[in-house]
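Colleague: Please take a close look at one part of this model, the part where strands pair into a sheet. Then go on from there to the other places where elements pack together.

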Amino acid sequence: MLAEIITIGDEILIGQIIDSNSAFIGKALNKIGVDVLQITSIRDHKSDILNALDQAKKRVDIVIITGGLGPTKDDITKHTICEYFNDNLVQNTAVLEHIEKLFAKYISTPITDINRQQALVPSKSEVLMNLYGTAPGMWIEENNKVFVSMPGVPFEMKGLMKNEVLPRLQKRFDRPFIIHKTVLTYGMGESAIADKIETWEDSLPPYIKLAYLPNLGRVRLRLSARGDNKKLLEDTIDSRIEELHKLIGDIIVGYEEDETIEVRIGSLLAKQGKTLSVAESCTGGMISQSFTANAGSSAYFRGGAVTYATSSKIDVLGINADIIEKYTVTSSEVAEAMAIAVKEKFKSDYAIATTGNAGPEKGDGDVEVGTVFIAITTPNKTFSKKYIFGNLRERNIGKTVIKSLELLLKELS
């Protein structure tokens, strides 16, 4: 069962927005046993859309289209779909009522005829009701091929996928089982892991594939199995992962499908009745954001302070200026002082602190670019680690976040 995703919009091609829709759709389709053969991004041009639809029809069973369903003249997807299927637009009463209710309840500006035109849909389509916006989704079948068109607004598209598209696809097609389990590892590089598990990898059955997914100090190991016997696939993957634990269990921290490292830390803190605070310099709030992005984080996350400038470390956290003068702002002493100070300020049980020179220039300090100190304070101790990550700013910040989480997880575990 093959699918193609077509994203429509000049804004994607010129890099004005990132195509997060395709990643979400591809993952959602794969979970129900549908393989994505290709992802195509095209301009808001009728000829390009028509050509993309024609080519996709030859390759796949399911064509998923996003974008170009807005009320303005540059949104031409509906009209182009009508031309492709030799169809015409008709007004859908249910959609029109939905649009009018949205305007009456949530939108302060008066509804216009342009807004009402969102209720026009191809006559051959089945309407997929968009609960979060005015542009409905559309489902069209022709010659055993399914074409689905959805708005490009991510939260509207996600609602349609979950509530309408996936249930219909599951009912419409017989599909194989595709099982993924991704092991999260921290603290060892891709090549070193591959060397340690080479014999194990070579012994995997042919219906299980292993992929290495390295990124900033962590490596994800994804096991993928495909077949008609779901229990056999799940049992085989589980047994192989048990063998993997015997080889590299010291660097395995969890499973992506279950929880991220931030969620796992949060679960451990909540289970132990403990709390966390964060003081960030070179990471600029990214550690705090990684926790607060998860629902329920208020149960364990007390707060954070972004003390980016040297003066803010003194004024906000109360770090003794003499310590900074003696050891420099990028030092283990300052990192530990930051961790202790933020722990006291927010009255938390644990704290993380980061200070360093992410680059590309030296800034207030005189240490080598890429030098970072991470401090952890617990109910019983405070310690810090020094790292030299290199001269790429974005990479340095990302690795500092990951390493901070890894250090805290080890303490909690």
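Modeller: Two strands pair if DSSP finds at least two bridges between them. Keep in mind that this is a predicted model.

Start with the open sheet of 4 strands, whose order is β10-β11-β9-β12 and whose pairing is antiparallel. The edges are taken by β10 (208–215) and β12 (252–255); each has a single partner strand, so one side of each is left without a neighbour in the sheet. On average, neighbouring strands here are turned by 25 degrees against each other, with direction ignored. The pairing of strand β9 (residues 177–186) with β12 is antiparallel and runs over 3 bridges. Within this pairing, V183 stands opposite Y255, which belongs to β12.

The sheet also has a helix packed on it: α10, residues 230–248. Helix α10 touches β9, β10, β11 (218–227) and β12, and its direction makes about 15 degrees with that of β9.

Now take the other sheet for which I have details. This one is open as well, with 6 strands in the order β2-β1-β3-β8-β7-β6, and its pairing is mixed. At its edges are β2 (35–42) and β6 (126–128), each with a single partner strand, so one side of each is left without a neighbour in the sheet. Neighbouring strands of this sheet are turned by 20 degrees against each other on average, again ignoring direction. Inside the order, strand β7 (residues 137–142) and β8 run antiparallel and are joined by 5 bridges. I140 stands opposite F147 in β8.

F147 leads on to the aromatic rings. The structure holds 6 aromatic pairs. One of them is formed by Y84 and F147: the ring centres are 6.2 Å apart and the planes are at 55 degrees, so the pair is tilted. Y84 lies in helix α4, while F147 lies in strand β8 (residues 145–150), so the pair ties together parts that are 63 residues apart in sequence.

Two packed helices are described by the angle between their axes and the distance between the axes. For helix α3 (residues 46–59) and helix α4 (residues 77–84), the axes come within 10 Å and cross at roughly 55 degrees. The two helices are therefore oblique to each other. The crossing of α3 past α4 is right-handed.

Angles under 35 degrees count as roughly parallel. From α2, the residues S20, N21, F24, I25, A28 and L29 take part, and they meet P154, M157, K158, M161, K162, L166 and L169 in α7. The residues of this contact divide into 9 nonpolar, 2 polar and 2 charged.

The last pair is helix α11 (residues 261–272) and helix α16 (residues 393–412); their axes come within 10 Å and cross at roughly 35 degrees. Here α11 passes α16 in a left-handed crossing. I261, E262, R264, I265, L268, L269 and Q272 of α11 meet L405, E406, L408, L409 and L412 of α16. Sorted by type, the residues of this contact are 8 nonpolar, 1 polar and 3 charged.

Notes: Residues numbered from 1 in each chain as written. Predicted model: local features only at pLDDT ≥ 70, side-chain atom pairs only at ≥ 80, totals over all residues. Heavy atoms only, no water. Axes fitted to C-alpha atoms, helices over the stretch in contact; angles between N-to-C directions. Contact = heavy atoms within 4.5 Å. Parallel < 35°, antiparallel > 145°, perpendicular 65-115°, else oblique. Left-handed = near helix turned anticlockwise from the far one by under 90°. Phe/Tyr/Trp six-rings, centres within 6.5 Å; stacked < 30°, edge-to-face > 60°. Nonpolar A, V, L, I, M, F, W, Y, C, P; charged D, E, K, R; others polar.
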